[in-house]
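Let's walk through this one together, asking at each step what a label rests on. Have the sequence and the model open beside you.

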Amino acid sequence: QVQLVESGGGVVQPGESLRLSCVSSGGLFINNYMVWYRQAPGKQRELVAGIARTNRTNYADSAKDRFIISRDNTKETVYLQMNDLKPEDTAVYFCNAQPQIGPTRGMSYWGKGTQVTVSS
């Protein structure tokens with residue numbers, strides 16, 4: 001069973017930066033495709049960025065050029081560096097793990113989320 005704990009959210013002004021972290025436990029982290037999603041009030045959850053075990057990355061158009069996803073397999077942690085934040089980035093950010101190998105392949109695990117608020 002994979003457990004995910006996000007941290008790093010907070011209240012910032014437009015143009016500022018935040019770095020989110022997601023620590024994973026259980027399972028084999030290196031085998032997981034790791035994804036950051038977000039959900040704004042009244043909206044559906046949407047993909048922000050994903051990173052494969054090969055470090056290949058994928059970004060939503062809204063995140064390109066401003067956000068950077070990375071992973072540290074030794075710390076079993078995935079990060080989301082968010083720069084030049086905008087009010088429309090306000091949302092709860094969720095970490096998601098998708099095992100690619102082994103008996104849990106096809107499963108999807110979620111953290112409880114961390115709130116990011118961008119406001120002047």
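Q: Which side chains count as positive and which as negative here?
A: Lys and Arg count as positive and Asp and Glu as negative, while His and the chain ends are left out. In this predicted model, that gives the chain 13 positive and 10 negative side chains, with the centres of the two sets 7 Å apart.

Q: What makes up the secondary structure of the chain, helices or strands?
A: Strands: there are 11 of them and zero helices.

Q: Why is the chain called as compact as a globular protein of its length?
A: The radius of gyration is 14 Å, and the globule rule gives 14 Å for 120 residues; the two values are close, so the chain is as compact as a globular protein of that length. Along its principal axes, the C-alpha trace spans about 45 × 25 × 25 Å.

Q: What share of the contacts with a separation of 6 or more comes from residues 24 or more positions apart?
A: Such residues account for 54% of those contacts in the chain.

Q: How do you know that C22 and C95 form a disulfide?
A: The cut-off for a pair of cysteine sulfur atoms is within 2.5 Å. The sulfur atoms of C22 and C95 are 2.1 Å apart, and the two residues form a disulfide. The structure holds one disulfide.

Q: Why does the pair of C22 and C95 tie together parts that are apart in sequence?
A: C22 lies in strand 3 (residues 18–25) and C95 in strand 9 (residues 91–99), so the pair ties together parts that are 73 residues apart in sequence. As for its handedness, the link of C22 and C95 is left-handed, with -80° about the S-S bond.

Q: Why is C22 called buried?
A: Buried means under 20% relative accessible area. C22 has 0% relative accessibility, so C22 counts as buried. C95 is buried too, again with a relative accessible area of 0%. Across the chain, buried residues make up 42% of the 120 residues.

Q: Is N31 buried or exposed, and where is its place in the chain?
A: N31 sits in the loop between strand 3 and strand 4 (32–39). Its relative accessibility is 12%, so N31 counts as buried.

Q: Which residues is N31 in contact with, leaving aside its neighbours within four places in sequence?
A: N31 is in contact with R53, Q98, P99, Q100 and I101.

Definitions and conventions
Residues numbered from 1 in each chain as written. Predicted model: local features only at pLDDT ≥ 70, side-chain atom pairs only at ≥ 80, totals over all residues. Heavy atoms only, no water. Helix = DSSP H or I, 4+ residues; strand = E, 2+ residues; numbered from the N terminus. Rg over C-alpha atoms; globule rule 2.2 N^0.38 Å. Buried < 20%, exposed > 50% of the residue type's maximum accessible area, 1.4 Å probe, protein only. Contact = heavy atoms within 4.5 Å. Charge placed at Lys NZ, Arg CZ, Asp CG, Glu CD.
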